Amino acid sequence: MPHHAPPTMPGQPDPHRHDTLLYLDGVSVAFDGFQALNNLSMVVARTEMRAVIGPNGAGKTTMMDVITGKTRPDSGTLRFGETIDLTRHDEADIAGFGIGRKFQKPTVFESHTVEDNLALALKGRRGPFAALFHVTGDDERQRIDDLLSLIRLAHLRAAPAGGLSHGQKQWLEIGMLLAQDPQLLLIDEPAAGMTDAETAATAELLRDIARTHSVVVVEHDMAFVRALDVKVTVLHEGSVLAEGSLDHVSANRKVIDVYLGR
Amino acid sequence: MTRRFFTHGMTRGSWVFLALLAAAGVLVPALNLGLPAGHPLHMPTYAVTLSGKYLTYALLALALDLVWGYCGILSLGHAAFFALGGYAMGMYLMRQIGPRGVYGDPLLPDFMVFLDWQELPWYWLGFDAFPVALAMALVVPGLLAFVFGWFAFRARVGGVYLSIITQAMTYALLLAFFRNDMGFGGNNGLTDFKEILGFDLQSDATRAGLFAASALALGLAFVLCVAITSSRLGKVLVAVRDAESRTRFLGYRVEHYKLFVWTVSAMMAGLAGALYVPQVGIINPGEFAPANSIEAVIWVAIGGRGTLVGPVLGAGLVNFAKSWFTAALPELWLFALGALFIAVTLFLPKGLVGSLPRLWANATSARSKAPPDARTKAPAAAE
Ligand SMILES: Nc1ncnc2c1ncn2[C@@H]1O[C@H](COP(=O)(O)OP(=O)(O)OP(=O)(O)O)[C@@H](O)[C@H]1O
Ligand SMILES: [Mg+2]
């Protein structure tokens with residue numbers, strides 16, 4: 001069985017194709033009777049970037065919670081790669097398989113320095129004893145330096161992360177995600193709290209990342225989604241309302257009703 | 001590699017602390033044993049023993065700081081580990097009494113003869129050997145902590161709920177050790193000790209030796225804590241404290257980290273208890289009292305959690321004050337402790353040592369008339 005199928009354009013996704021990285025089928029989650037995800041199905045290919053939009057409460061964050069093991073689905077299939085059943089694993093396992101996420105509210109380790117935040121995220125052994133005897137090597141230092149300049153925080157490397165601005169924390173968290181070097185990045189509202197210039201730079205960074213990784217981005221900022229220029233999935237009340245290019249979904253009657261009507 | 005492991009995290013403050021501790025470990029015994037009783041610098045034996053007791057409390061505080069200050073696990077049951085270590089040592093000391101007990105039984109401690117027991121219970125076997133007893137002072141608290149932590153951390157019990165079940169744990173042990181049929185002397189506990197390693201427990205030299213041993217144990221535990229907290233593991237612990245789920249999503253199995261540090265901490269507390277008992281001469285179920293664990297939390301809070309040195313100082317200061325109060329104004333002690341705790345929580349939330357850098361910065365910046373708090377502000381907008 002070939003492990004590296006040639007990258008193809010994500011047309012009509014088929015779960016049994018080798019370029020499928022993430023496969024959700026009929027996933028449902030209820031909180032106290034409230035259906036947060038309702039028979040949600042979605043397929044993300046290798047090195048595909050997907051934008052997910054939808055009104056508040058549509059279930060976007062819950063979808064990421066389900067993929068990363070934070071929330072167990074009540075029903076449905078969740079597969080990563082060709083074999084891994086994500087419903088049978090917890091957060092640490094799933095991170096180990098190569099799924100990283102950025103939270104909607106930027107979450108960094110406030111009392112650690114910017115540099116240590118990245119160091120903790122760096123791909124490597126995760127056990128307590130490996131950590132106890134860990135010695136930072138030159139390659140790790142080099143990787144941290146590269147990431148620091150990529151996220152434009154090199155001048156703040158020794159500053160506690162708690163003192164960063166909102167936008168800087170977003171970038172640091174993206175940097176931590178890259179340090180993990182996951183196959184799939186789930187990024188929840190990266191542009192929130194950023195200036196227009198920062199937003200544009202973030203879009204560019206994500207497009208760059210998507211050349212070698214699969215990325216799922218949740219965002220409300222339409223200018224940002226347009227800048228990403230990728231296939232868009234519209235969520236509403238826990239299921240997919242429409243899928244396609246941004247122009248295509250924007251012309252969709254149901255989407256317009258959801259965003260304007262209500 | 002090992003040298004680097006143990007020393008690379010040592011700051012100047014840590015070295016100063018160790019130097020002071022080493023000086024005390026040598027000077028206190030010297031001033032007690034080396035000078036005649038009438039000499040103005042002579043240190044009376046009761047003071048040596050009292051200071052030795054403070055050192056064991058300091059070790060308990062250090063153990064608590066490791067889990068609370070660095071990993072955010074607020075244990076309200078650490079005195080249980082301390083008491084278990086104390087009982088292990090007490091059992092050794094009990095068996096050293098031999099036939100010199102009131103009933104003169106060559107094997108059975110007095111309380112067992114009194115209960116009409118015919119033979120030593122199996123769990124008392126081996127405790128006549130000091131190395132076994134010392135090992136048990138570490139292993140028993142460590143094992144209890146491991147089992148407790150295994151279930152609690154895997155079930156993701158945290159925050160207040162964890163604090164409450166640690167308190168329940170120490171309370172359950174309190175009730176259990178009160179029972180005569182447990183075989184630990186019930187209400188009265190273990191006491192009337194005679195010798196440790198063949199040395200008379202009443203002699204000045206033994207007291208001085210126990211003080212020095214306590215100082216040594218505290219110093220070694222301190223170095224171990226520095227090594228742990230300055231390693232990558234220590235950084236993961238702080239990460240867990242600050243953003244536990246973030247740490248999980250980075251792929252760290254948080255429960256394993258908690259279990260490691262929780263078990264190490266319990267063993268340190270057990271060692272503290274083992275050093276405490278020969279100095280105070282008794283161990284009874286009262287050491288499991290929930291209030292004891294809470295007092296230890298107060299020492300750490302006052303000294304400054306997450307600073308290692310702070311809790312050691314906090315334990316020393318609070319217990320020094322306690323000794324003074326209980327002699328002069330015993331009925332006021334709990335009020336004074338409560339007031340101190342509230343004052344520190346309100347005005348020095350990081351404790352004495354944790355607040356020092358800020359107080360120092362304020363003092364120096366006031367002198368140089370610099371605007372206050374212009375420190376870690378990030379330069380405006382990166383781009
Ligand atoms: N742990 C939970 N317990 C109860 N209800 C929850 C929980 N998590 C999410 N919900 C509910 O599920 C619904 C979907 O929430 P979710 O956070 O996924 O929305 P979202 O699409 O990310 O919205 P936003 O754009 O505001 O971030 C909301 O109504 C929310 O209140
Ligand atoms: Mg959301």
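**Group meeting: the metal site, a hairpin and one glutamine**

Okay, let's start with T61(A): at 26% relative accessibility, that residue counts as partly exposed, meaning between 20% and 50% of relative accessible area, where under 20% is buried and over 50% exposed (1.4 Å probe, protein chains only). Keep in mind that this is a predicted model, where local features need pLDDT of at least 70, side-chain atom pairs count only at pLDDT 80 or more, and totals for chains, interfaces and linings use all residues. Residues are numbered from 1 along each chain as its sequence is written, chains are lettered from A and ligands numbered from 1 in the order in which they are written, and side-chain values use heavy atoms, leaving out hydrogens and water.

So what coordinates the magnesium ion, ligand 2? That's T61(A) through OG1 and Q104(A) through OE1, at 1.9 to 2.1 Å. Donors here are N, O and S atoms within 2.8 Å of the metal (3.2 Å for Na, K and Ca), and with water not among the atoms, sites may look incomplete. T61(A) lies in helix α1 and Q104(A) in the loop between β6 and α3, so the pair ties together parts 43 residues apart in sequence. Helices (H or I, at least four residues) and strands (E, at least two) are DSSP runs, numbered from the N terminus. Q104(A) is partly exposed too, at 36%.

Next, Q180(A), in helix α6, residues 166-180 of chain A. Q180(A) counts as buried, at 7% relative accessibility. Leaving aside residues up to four places away in sequence, Q180(A) touches, among others, R126(A), F249(B) and L250(B); contact means heavy atoms within 4.5 Å.

Last, the hairpin: β1(A) and β2(A), with two residues between them. D32(A) in the turn has a positive phi of about 50 degrees.

Technical notes:
Two strands pair if DSSP finds at least two bridges between them.
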